[in-house]
Amino acid sequence: MTAELANSHSGDGAGRNSEGGPLFFDPTFALHNGGKVAVQATILVPDKDVLSLAYTPGVAKVCSAIAARPELVHDYTWKSRVVAIVTDGTAVLGLGDIGPEASLPVMEGKAVLLKQFAGVDAVPIALATTDADEIVETVVRLAPSFGGVILADISAPRCFAIERGLQERLDIPVFHDDQHGTAVVTLAALRNAARLTGRTLGDLRTVISGAGAAGVAIAKFLLEAGIGDVVVADRKGVVSSDRDDLTPVKRELAGIINRAGIKGSLETALVGADVFVGVSGGTVPEAAVASMAEGAFVFAMANPDPEVHPDIARKYAAVVATGRSDHPNQINNVLAFPGIFAGALRVRASRITEGMKIAAAEALAGVVGDDVAADYVVPSPFDERVVPAVAAAVAAAARVEGVARR
């Protein structure tokens, strides 16, 4: 859509020409008209008697009880069922740095998905700063109102420092969806793809294209889960310790990946590889895909254009996944974050651990069960079994790991 057309939209979803007459109708704008979320009261105040309970003087009893026993805030306020969705608008979908206001439709969308799929309320918060320390300080000050924090669409490498800073200072779950949601769903799909082809995670050498938030998180998570080896490539080639242009995050990553010592380009790394995971955009040459091991998996997840077109990938790969909803095996974060937060809030977890994320991936893979097939290694987001399975697994793992408070 051109800027002129975008600027011509009225509030009712219809484009307008220079004279104010109708130009076209766009259902996307119509759906977003007025926003997609709202605050709704859980009680009615029909008379003065209820008013005196809901507000003054009755509310003072509840406030005093919480002041004496702070843990009661979970029982007598919304805290135990609401999360903040925080962004600075610097890495929005495929749009990049479009600013906090323009990011709000995406944050509202995440809030809708949390509510619809998991019954979790969420408040979108778009911050007018890109300074990592300022974001941490702001969220810390907002945290008493929330049971958890979802970080979203914050560019790397700042997203790593922001998440780490909040995890160190808060006693509620902090979860960067672009990192960990993607990693959980990727692991679930890989588990089922390996099972389908008679292999284990330990048999797989994986090449990841992209060393941003998702790429780094997926690499670390797959290693934690027992993958055979991981190689990560950025725009300049394989991330390896001999490079002198690595950021601190990439240098740390280089120390734990690539046990085979592969150097050079992404194409070089793909020769004989079992898995390709794309989270970077760009295009991978068909010859490089053809050079992968027999029975390989291609997870080309860039949106809207996958790094490898599915038609090309299917010529060489046993299992193909994308980030798109119009192809099988969509690696979609909505398969992860609603259930993860439902489970974490259920037990009032103080944080989300690696064990909780692995449990989420295993539960998600388990939903597919014996129906696993080349075009079905992850379930649909609309499968009603997904959130209950993930939430139960996450809650159980939180208890085992000692971070549950009930």
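This is a predicted model: local features need pLDDT of at least 70, side-chain atom pairs count only at pLDDT 80 or more; totals for chains, interfaces and linings use all residues.

Me: What makes N258 count as buried?

Reply: The cut-off for buried is under 20% relative accessible area. N258 is at 10% relative accessibility, so it counts as buried. It sits in the loop between α11 and α12, and its phi is positive, about 60°, although N258 is not a glycine.

Me: Why does R348 count as buried?

Reply: Same test: R348 has 13% relative accessibility, therefore it counts as buried. R348 is in the loop between α15 and α16 and has a positive phi of about 50°, again without being a glycine.

Me: Why point out those phi values at all?

Reply: Because most residues other than glycine have a negative phi.

Me: Why are α10 and α16 called roughly perpendicular?

Reply: Their axes cross at roughly 85°. Angles of 65 to 115 degrees count as roughly perpendicular, so α10 and α16 get that label. The two axes come within 11 Å, and F221, E224 and A225 of α10 meet E354, K357 and I358 of α16.

Me: How do you know what span to expect for α17?

Reply: The expected span is 1.5 Å times one less than the number of residues. Helix α17 (residues 386-400) has 15 residues, which gives an expected 21 Å, and its first and last C-alphas are 21 Å apart. Its buried residues, including V386, V390 and V394, pack against α6, α15 and α16.

Me: How are β3 and β4 paired, and what is the hand of the crossover between them?

Reply: They pair in the parallel sense over 6 bridges, with V86 partnered by I125. The chain goes from β3 through helix α6 to β4, and this β-α-β crossover is right-handed.

Me: Which peptide bonds are called cis, and with what omega?

Reply: T56 to P57 is cis, with omega near 5°, and P57 is in the loop between α3 and α4. N303 to P304 is cis too, with omega near 0°; P304 lies in the loop between β11 and α14.

Definitions and conventions: Residues are numbered from 1 along each chain as its sequence is written. Side-chain values use heavy atoms; hydrogens and water are left out. Two strands pair if DSSP finds at least two bridges between them. Helices (H or I, at least four residues) and strands (E, at least two) are DSSP runs, numbered from the N terminus. A crossover is right-handed if, with the strands pointing away from the viewer, the path from the first strand over the helix to the second runs clockwise. Buried means under 20% relative accessible area, exposed over 50%, partly exposed in between (1.4 Å probe, protein chains only). Contact means heavy atoms within 4.5 Å. Axes are lines fitted to C-alpha atoms, for helices over the stretch in contact, and angles run from 0 to 180 degrees between N-to-C directions. Angles under 35 degrees count as roughly parallel, over 145 as roughly antiparallel, 65 to 115 as roughly perpendicular and the rest as oblique.
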